[in-house]
Amino acid sequence: MTNEDVAELIAIGERAGGITIADDAKARLIECAGGLPYLAALIGQHACIAAGEEEAGIISRAHVDEGVARAAEEIGSRLSPVSAYALT
């Protein structure tokens, strides 16, 4: 996907979820997703959870950064030991 496509995916999520993502947070999410809709959705999901834990009204760049860390941990937990070894 292009960055514009990922931005549209984020906008759809904002409308559907009734959430607001700060502009710098959107830019970070787009950057980290690397054009992959699965990553955009997973990072966004974890960013929303992080914001909810703080009862934040707006999802910030810090929430997205936390979403990236949580998404990486989740993906890593799904790898078999052989796959994890192959990636190192």
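Trainee: Is Cys32 buried, exposed or partly exposed?
Mentor: Cys32 is partly exposed, with a relative accessible area of 22%. Buried means under 20% relative accessible area, exposed over 50%, and partly exposed in between, with a 1.4 Å probe and protein chains only. This is a predicted model, where local features need pLDDT of at least 70, side-chain atom pairs count only at pLDDT 80 or more, and totals for chains, interfaces and linings use all residues. Residues are numbered from 1 along each chain as its sequence is written, and side-chain values use heavy atoms, leaving out hydrogens and water.

Trainee: How many disulfides does the structure hold?
Mentor: It holds 0 disulfides, a disulfide being a pair of cysteine sulfur atoms within 2.5 Å. The closest cysteine sulfur to that of Cys32 is in Cys48, 15 Å away, so it is too far for a bond.

Trainee: And Cys48, buried, exposed or partly exposed?
Mentor: Cys48 counts as partly exposed, at 28% relative accessibility.

Trainee: New topic. Which residues line the largest pocket?
Mentor: Among them are Leu9, Ile10, Gly44 and Cys48. On a 1 Å grid over the protein atoms alone, a pocket is an open set of points where a 1.4 Å probe fits, with protein on both sides within 12 Å along at least five of seven lines; lining residues have an atom within 4 Å of a point.

Trainee: Which helix gives the most to that lining?
Mentor: α3 does, with 5 residues. Helices are DSSP runs of H or I, at least four residues, numbered from the N terminus.

Trainee: Where is Gly44 found?
Mentor: Gly44 is in helix α3, residues 37-53. Gly44 is buried, at 15% relative accessible area.

Definitions and conventions. Helices (H or I, at least four residues) and strands (E, at least two) are DSSP runs, numbered from the N terminus.
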